[in-house]
Amino acid sequence: MITELGHFALILAFLVACFQATIPLIGAYKRWPGWMAVAEPAATIQLLLTGVAFGALMWAFVTSDFSLRLVVLNSHTAKPMLYKITGVWGNHEGSMLLWVLIVALFGASVAWFGSNLPPSLKARVLSVQAMIGVAFFAFILLTSNPFLRMAVPPFDGNDLNPLLQDPGLAFHPPFLYLGYVGLSMTFSFAVAALIEGRVDAAWGRWVRPYTLAAWVFLTIGIGLGSWWAYYELGWGGFWFWDPVENASFMPWLIAAALLHSAIVVEKRESLKSWTILLAIIAFGFSMVGAFITRSGVLTSVHAFATDPERGVFLLAILAVFMAGALTLFAARANVMQAKGVFSLVSRESMLLLNNILLAVAAFVVFVGTIWPLVAEMAFDRKLSVGEPFFNMAFTPFMVLLGLVLPVGAMMSWKRATLGRVLRQLRGVFALAVAIAALAWTMQSGKSALGPVGLFFAAWLIGGSAVDIWSRTGRGAVGERLRRMTRLPRADWGKSVAHAGLGVTMAGIAAMMAWQVEDIRVLKVGEDLEIAGFGLRLDKVERLNGPNYIATKATFTLSEEGREIATMYPEKRNYPVAQMPTTEAALNNGFLRDIYVVIGDPQQGGGWAVRSYYKPLANWIWGGALLMAFGGLLSLTDRRYRVAAGARRAPATGVPAE
Amino acid sequence: MKRLILVLCLMAAPLWAVQPDEMLDDPALEARARDISSGLRCLVCRNESIDDSHAELARDLRLLVRERLVAGDSNEETVDFIVERYGEYVLLKPRAGGANILLWLAGPLMLGAGLILGGIYLRRRSTTPETDVAQLSEAEEDRLREILKE
């Protein structure tokens with residue numbers, strides 16, 4: 001019964017979205033206030049109905065209702081409750097339902113919090129957002145209905161992919177979707193502005209929080225996914241340049257570019273058409289991501305629905321939205337005249353450089369991702385494009401970006417003097433070079449990557465500190481420190497996020513340059529030595545988990561003869577899903593991780609053991625967290641709250657026409 | 001019964017990426033083998049190198065790489081040997097020959113184009129005279145003062 005209610009609610013939500021996609025648009029065109037105003041209740045109702053549908057599906061998972069096909073395929077009674085809940089989005093149909101729920105959620109948030117938007121723009125934004133909703137509701141209802149019943153319900157389910165039964169991965173998709181779909185909001189704003197024929201500083205201010213939010217969610221989502229890969233896959237890899245990883249990384253890069261160019265629109269009324277174009281492309285990449293994950297045209301470890309029919313449907317959605325938006329862009333680009341004038345050396349021009357580097361980097365990732373497809377169709381060559389290519393082709397852009405970032409961040413708007421900025425950064429540059437040189441002399445015969453990574457960490461973190469310090473003006477140190485606490489949060493956000501990038505760069509470089517690996521057979525009682533640490537295999541035992549059987553080893557980790565930790569790596573087997581997983585044991589430290597994995601028993605006795613020394617491993621995700629935190633700080637900046645406060649200003653109603 | 005399930009499960013457990021028994025005794029040679037195998041794709045997996053893969057075929061390829069190295073082949077000869085048998089699909093870093101030159105040049109070309117377009121835009125921005133900045137209306141001025149007082 002609840003299932004049917006959910007199904008019915010989903011159909012109703014589709015109809016409401018159809019209504020919301022058309023009526024307010026006509027209203028905005030004809031300037032009929034009533035027709036425009038219906039967008040708001042419609043957005044709320046659409047969210048409620050989608051929420052009911054999602055809740056119904058979750059109910060089916062929680063109660064293990066095996067009359068539902070989706071539950072049979074992805075759940076099991078013995079599965080822990082947490083994974084029964086997260087199993088809702090651990091499959092194609094459920095994750096699409098989560099997708100539309102977030103589309104509706106973002107739409108509703110504009111209806112609730114956007115009361116300072118001009119009514120016609122608001123009506124158009126909500127209408128475009130509803131069009132996206134319509135497309136994806138139709139996709140779910142026609143090709144991927146989660147509410148299909150089984151004619152003969154089985155006694156128990158097939159269980160969720162054991163790799164997904166992990167807290168890191170359980171929350172990775174919702175964050176990613178919040179990010180992907182958050183970009184639908186900037187898309188809606190861009191298209192609405194094109195229809196409206198007006199892009200000004202106010203538009204930049206409305207778009208920026210949504211871009212920031214989407215980017216923060218994407219950062220967290222990608223970080224979670226990479227952290228999960230690190231501890232779960234068994235050899236501590238954290239990024240594989242897999243098509244689906246790239247699919248999340250491209251929107252992230254474009255969103256990063258967009259949130260910087262939106263600053264220029266907001267503060268200087270320049271780069272307008274470029275910002276609109278970026279907003280369109282960013283959501284385009286989100287949908288390309290959905291297409292890659294779900295169509296199966298590119299083989300990937302993540303693809304969970306390889307169904308050509310769905311692929312074609314998604315491609316059609318992508319084509320319609322991109323073609324429509326870009327045509328509109330071509331027709332309307334001329335109305336967006338730039339106002340601000342600035343010299344070659346200025347914050348504006350540096351932000352433009354940032355945009356060029358980020359956009360080209362995203363383009364390189366895109367070309368690399370689809371090249372196997374292009375090569376096969378156009379040149380009849382079956383080939384692969386993998387990690388070595390991306391490492392070589394992508395890294396230079398990040399190096400360039402890291403080099404100019406602190407300089408650009410300190411330039412003043414309109415007209416800056418390069419000499420002054422460089423003078424302020426002189427000390428930090430010298431420090432960064434010194435640290436890199438020290439690292440270079442301490443390592444012998446290893447790649448230059450490690451020292452380069454440390455250089456960037458010092459350069460970006462130090463640069464951010466100098467930037468914040470320079471904003472406190474002149475005067476005594478105490479006075480400046482006091483002023484520092486009162487700086488706008490956006491300034492802090494900027495510095496924290498930029499420093500975070502430096503931290504992540506250092507982590508990645510150190511991991512790639514200084515990791516130590518050891519693979520050997522170890523008998524119980526024997527020990528091994530890795531990078532100055534001792535590891536002793538104490539015992540290996542078998543034990544039963546709730547829905548798996550495990551082989552669990554006990555290791556003692558020691559440093560300079562002192563025992564510092566006990567580590568328990570496991571090898572699990574999930575009998576229902578017939579899948580083994582490795583649970584690595586980690587000893588986390590600020591400067592290094594020790595990573596141990598237990599393998600198979602060997603013929604001559606003993607066990608295969610892989611152990612790793614991973615320098616600065618946690619810096620990778622620590623940096624991602626800092627970037628996300630910086631974004632959050634910026635998002636809570638006073639000027640957005642002031643703008644929100646504008647609601648209290650006397651309502652002028654509908655502008656007279 | 002439980003015992004039986006356990007035994008069956010352990011039997012079903014797959015092989016591992018790089019097993020201790022396949023490693024070469026000579027560390028220099030082994031390092032070269034690892035270097036080569038991290039650039040070769042496991043043919044039956046999804047986007048994994050044979051160095052990372054658990055598949056049986058990946059193990060065979062790893063052993064083949066080591067065999068060639070022990071036989072005295074250089075890194076290039078070993079890779080050529082494998083590409084000859086399995087096609088360029090095994091290479092995770094595609095060679096720049098033929099149409100692939102487009103793939104390798106895409107980034108630099110696009111960067112060049114971006115910089116040129118950006119440069120033209122900047123020049124235009126820095127030479128055009130400032131257009132009239134919109135003046136605030138009286139109501140807006142009041143509102144501005146109000147905000148600044150907050």
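Which residues in α7(A) meet which residues in α13(A)? In this predicted model, for which local features need pLDDT of at least 70 and side-chain atom pairs count only at pLDDT 80 or more, while totals for chains, interfaces and linings use all residues, A:Ala135, A:Phe139 and A:Thr143 in α7(A) meet A:Glu309, A:Arg310, A:Phe313, A:Leu314 and A:Ile317 in α13(A). Residues are numbered from 1 along each chain as its sequence is written, and chains are lettered from A and ligands numbered from 1 in the order in which they are written. Helices (H or I, at least four residues) and strands (E, at least two) are DSSP runs, numbered from the N terminus, and two residues are in contact if their C-beta atoms, placed from the backbone, lie within 7 Å.

**Helix packing within chain A**

- Helix α7 (residues 119–143) of chain A packs with helix α13 (residues 308–332) of chain A at an angle of about 165°, their axes being 11 Å apart, where axes are lines fitted to C-alpha atoms, for helices over the stretch in contact, and angles run from 0 to 180 degrees between N-to-C directions.
- α7(A) and α13(A) are therefore roughly antiparallel to each other, since angles under 35 degrees count as roughly parallel, over 145 as roughly antiparallel, 65 to 115 as roughly perpendicular and the rest as oblique.
- The crossing of α7(A) and α13(A) is right-handed; a crossing is called left-handed if the near helix is turned anticlockwise from the far one by less than a right angle, and right-handed if clockwise.
- The contact of α7(A) with α13(A) has five nonpolar, one polar and two charged residues, with Ala, Val, Leu, Ile, Met, Phe, Trp, Tyr, Cys and Pro counted as nonpolar, Asp, Glu, Lys and Arg as charged, and the others, Gly among them, as polar.
- For helix α10 (residues 201–232) and helix α20 (residues 617–635) of chain A, the axes come within 9 Å and cross at roughly 165°, which makes α10(A) roughly antiparallel to α20(A).
- The crossing of α10(A) and α20(A) is left-handed, and the residues of their contact divide into 14 nonpolar, four polar and no charged.
- Among the residues that meet there are A:Trp215 and A:Trp227 in α10(A), and A:Trp621 and A:Met627 in α20(A).

**Contact between chains A and B**

- In chain B, 44 residues are in contact with 51 residues of chain A, and α1 (2–12), α5 (100–127) and α6 (138–149) of chain B each supply at least two residues of the side that touches chain A.
- The largest share of that side of chain B, 11 residues, comes from α5(B), and the residues of the side divide by class into 24 nonpolar, 11 polar and nine charged.
- Helix α14 (residues 347–379) of chain A packs with α5(B) at an angle of about 155°, with the axes 9 Å apart, which makes α14(A) roughly antiparallel to α5(B).
- The crossing of α14(A) and α5(B) is right-handed, and the residues that meet include A:Phe363 and A:Trp371 in α14(A), and B:Met110 and B:Gly114 in α5(B).
- The residues of the contact of α14(A) with α5(B) divide into 14 nonpolar, five polar and no charged.
- An unreviewed UniProt entry lists residues 101–122 of chain B as "transmembrane region"; the end C-alpha atoms of this span lie 31 Å apart, and the span is 100% helix and 0% strand.

**Strands of chain A**

- An open sheet of four strands in chain A has the order β1-β10-β9-β8, with antiparallel pairing, where two strands pair if DSSP finds at least two bridges between them.
- The edge strands of this sheet, each pairing on one side only, are β1 (516–522) and β8 (585–588) of chain A.
- Seven bridges join β1(A) to the antiparallel strand β10 (residues 607–615) of chain A, and the bridge partner of A:Ile519 in β10(A) is A:Arg610.
- Strand β4 (residues 549–559) and strand β5 (residues 562–567) of chain A run antiparallel and are joined by five bridges; they form a hairpin with two residues between them, and A:Glu560 in the turn has a positive phi of about 50°.

Note on methods: UniProt positions are given in the numbering used here, feature names are shortened, and annotations may be inferred rather than shown by experiment.
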